[in-house]
Amino acid sequence: MADSIILLEERKEVTTFLLDEGTITATTVTTPTGETPGYEYAGAKIKVDDAVTLSANSDIGKPTVKKYTAAEGEIILGIAVNDPITMTGGKRKTAILVLGHLFRLKLASGLSNINVKDRIALTS
């Protein structure tokens, strides 16, 4: 049987979330064609394929996410599917592939040390 990637989700849902980790400050972006207003971001930057979890700064009806750090009690909410963009007013947002049901799988013998974002395949 050839190796393959299996999505373990009942459904896939992409939702836009605000990000709250880090600090955004106004700056000037210099390019070969001139200077334009822009934003500088300091913090644990979220990139494509990063796992995210709900932030403690979330409000009811306004979920906010932060980068998953494997801290005690954190549960992966989803995976970032695009680089975050900075909106007017300095808020950042990104689209998240929200994970569906979680499955408990038996690992193949001799397999250990699976990390966040590792890809696994089902065997016969």
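**Close-up views of a predicted model**

**View 1. Contacts of threonine 53.** Leaving aside residues up to four places away in sequence, threonine 53 touches Thr64, Val65, Lys66, Lys67, Tyr68, Glu74, Ile75 and Leu77; a contact means heavy atoms within 4.5 Å. This is a predicted model, in which local features need pLDDT of at least 70, side-chain atom pairs count only at pLDDT 80 or more, and totals for chains, interfaces and linings use all residues. Residues are numbered from 1 along each chain as its sequence is written, and side-chain values use heavy atoms, with hydrogens and water left out.

**View 2. Threonine 53 in its strand.** Threonine 53 is part of strand β4 (residues 51–54); strands are DSSP runs of E, at least two residues, numbered from the N terminus. Threonine 53 counts as buried because its relative accessibility is 5% (buried means under 20% relative accessible area, exposed over 50%, partly exposed in between, with a 1.4 Å probe and protein chains only). A polar atom of the threonine 53 side chain lies 2.7 Å from the backbone oxygen of isoleucine 75.

View 3. Isoleucine 114 is found in the segment after β8 (92–98). With a relative accessible area of 40%, isoleucine 114 is partly exposed.

Methods
Helices (H or I, at least four residues) and strands (E, at least two) are DSSP runs, numbered from the N terminus. A polar contact is a pair of N or O atoms within 3.5 Å; within protein, one must be able to donate a hydrogen and the other to accept it, and residues adjacent in sequence count only if both atoms are side-chain atoms.
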